[in-house]
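Please look over the structure shown below. The briefing that follows takes up selected residues, a strand pair and a helix crossing.

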Amino acid sequence: PRRAFPRSDFRMARLFLSVLVLAAHSADAFLPIAPGGLRAASSARVSPRAGRLGLRMSVDTKPAMVDREQDNGQGQAELRAQAEALMQPCPMTDWGPDIDVVAQQQKVQAMQFLDFPMTMPKPAAIADHDAQEAYFKDNAEAIKQQLKDHGAIHLQGFDMCKEPEGFERMYKALGLDACLDPLHSVSGRPVVSGKQAVYEAVNKPSRAKFFVGMHNEMVGKRTVRRAAFVCFKAAEVGGEFILVDGRRMLRDLRPEFLSKFYERKIRFSSAELPMGFMDKTGPLQPLLEPVVRSVLGMVVDMKVDFEVEMFWNRVNGARVIQAHAPPQPPVIMHPDTGVPNWFCNIHSHSAKLRDDRDGVLPETTGASKLNKSDTFYGDGSIISDSDLDHVDEVTKKNMVYVTMKEGDVVLVDNYRTMHGRNVFEGTRKHGVTWLK
């Protein structure tokens with residue numbers, strides 16, 4: 001006689017399928033983090049530095065602020081389609097050769113350093129927008145060489161850049177080609193103007209009190225070579241653009257610190273997805289977790305244009321799955337100049353440094369809710385607080401606050417220069433175009 005299939009087995013099979021469907025659906029919202037590490041900071045840390053590949057989760061956050069429609073993706077589809085029709089993905093990252101990092105540091109320490117950033121005010125004789133565009137065309141090669149020499153240029157008083165159309169004329173006159181945002185595949189940044197290739201530069205109201213730590217714009221395998229940051233409207237208070245020269249960072253870090261970090265490499269956790277329902281799957285949990293991890297990995301690989309590895313973890317007692325970038329060297333040889341510099345986003349991505357800066361922030365909205373970042377050695381082990389504090393100390397020493405007025409532009413060599421943003425009050429409208 002045919003043996004009846006036990007109801008408990010039916011229930012287990014249905015549960016198994018439900019978990020897979022839920023995992024795949026959850027992955028659709030699993031958006032790795034923007035370089036600024038946008039995350040609501042916690043007021044209480046639970047096992048903050050314990051465990052390999054451990055992460056802190058935000059708790060006791062303030063109520064969410066009301067963000068704008070574009071921060072939640074509304075009205076972005078057409079703008080994103082325009083950007084995709086106009087631009088190609090940003091270039092692949094050039095990590096360069098392995099180096100003797102201490103020997104290279106000594107070479108940098110012997111160098112003469114130029115002004116950083118270079119300031120370039122509009123000549124008084126240049127009046128209308130056509131004349132300004134002609135100025136950039138006539139001086140394009142000289143300006144690009146100055147950007148290469150100095151690492152950043154602050155263009156002041158060129159009022160053609162007060163609107164996206166004029167801003168586009170400026171960077172095209174310099175012969176610079178735009179590329180898609182490194183996080184475009186996951187809608188990590190609102191588009192201001194798809195036709196002019198302009199993205200927002202962290203103007204989100206719920207992030208106004210969030211200090212954007214110093215970082216280079218990259219997602220592991222893709223890195224923009226240059227960037228043009230523009231001010232369409234300055235915040236009423238604060239909101240300054242901040243720069244750090246990667247050469248000066250390399251010059252000032254302790255040699256023993258550099259040796260250790262370069263040898264062990266750095267990896268970043270980039271996102272965290274709550275998976276508490278897994279604890280309700282009973283005896284199936286050990287069987288389900290590797291399958292769910294694989295499903296999530298496949299779905300994320302199809303959605304994003306950069307590499308992440310998925311790891312199970314437990315945060316504040318709850319089961320979560322986290323995405324981590326592959327290990328990276330913190331110092332590289334600049335692909336254009338051949339001069340080494342610090343090229344590492346510890347200052348922005350470290351949960352410890354971010355919590356020290358920001359304390360308790362309002363809860364954010366949209367995709368940023370899933371964005372949880374931290375920094376580890378390449379093998380996933382914990383970086384000591386003293387080493388993180390050393391990075392913070394040297395970074396602060398080299399920060400340059402740039403007050404941008406309407407129409408001002410800062411050109412940045414992204415392989416050399418880190419950027420960030422101060423906290424602000426009021427309405428801030430800054431944009432950025434990423435350049436090949």
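**Briefing on selected sites**

Arg319 counts as buried because its relative accessibility is 15%, where buried means under 20% relative accessible area, exposed over 50% and partly exposed in between (1.4 Å probe, protein chains only). This is a predicted model, in which local features need pLDDT of at least 70, side-chain atom pairs count only at pLDDT 80 or more, and totals for chains, interfaces and linings use all residues. Residues are numbered from 1 along each chain as its sequence is written, and side-chain values use heavy atoms, with hydrogens and water left out.

**Arg319**
- Arg319 lies in strand 11; strands (E, at least two residues) and helices (H or I, at least four) are DSSP runs numbered from the N terminus.
- The side chains of Arg319 and Glu289 make a polar contact at 2.8 Å. Such a contact is a pair of N or O atoms within 3.5 Å; within protein, one must be able to donate a hydrogen and the other to accept it, and residues adjacent in sequence count only if both atoms are side-chain atoms.
- Neighbours within four places in sequence aside, the residues in contact (heavy atoms within 4.5 Å) with Arg319 include Pro274, Met278, Gln285, Glu289 and Trp312.

**Strands 10 and 11**
- Strand 10 (residues 309–315) is largely enclosed by the rest of the structure, because five of its seven residues are buried.
- Strand 10 pairs with strand 11 (residues 318–324) in the antiparallel sense over seven bridges; pairing requires that DSSP finds at least two bridges between two strands.
- Glu309 has His324 in strand 11 as its bridge partner.
- The hairpin of strand 10 and strand 11 has two residues between the strands, and Asn316 takes a positive phi near 55° there.

**Tyr377**
- Tyr377 is part of strand 14 (residues 374–377) and, with 3% relative accessibility, counts as buried.
- Its side chain and that of Asp387 are joined by a polar contact of 3.5 Å.
- Residues up to four places away in sequence not counted, Tyr377 touches Lys260, Phe261, Arg264, Lys265, Ile266, Arg267, Ile382, Ile383 and Asp387.
- Tyr377 and Glu263 are 114 residues apart along the chain, and their C-alpha atoms are separated by 9.6 Å.

**Helices 11 and 12**
- Lys352, Leu353 and Asp356 in helix 11 meet Asp385, Leu388, Asp389 and Asp392 in helix 12.
- The residues of this contact divide into two nonpolar, no polar and five charged, with Ala, Val, Leu, Ile, Met, Phe, Trp, Tyr, Cys and Pro counted as nonpolar, Asp, Glu, Lys and Arg as charged, and the others, Gly among them, as polar.
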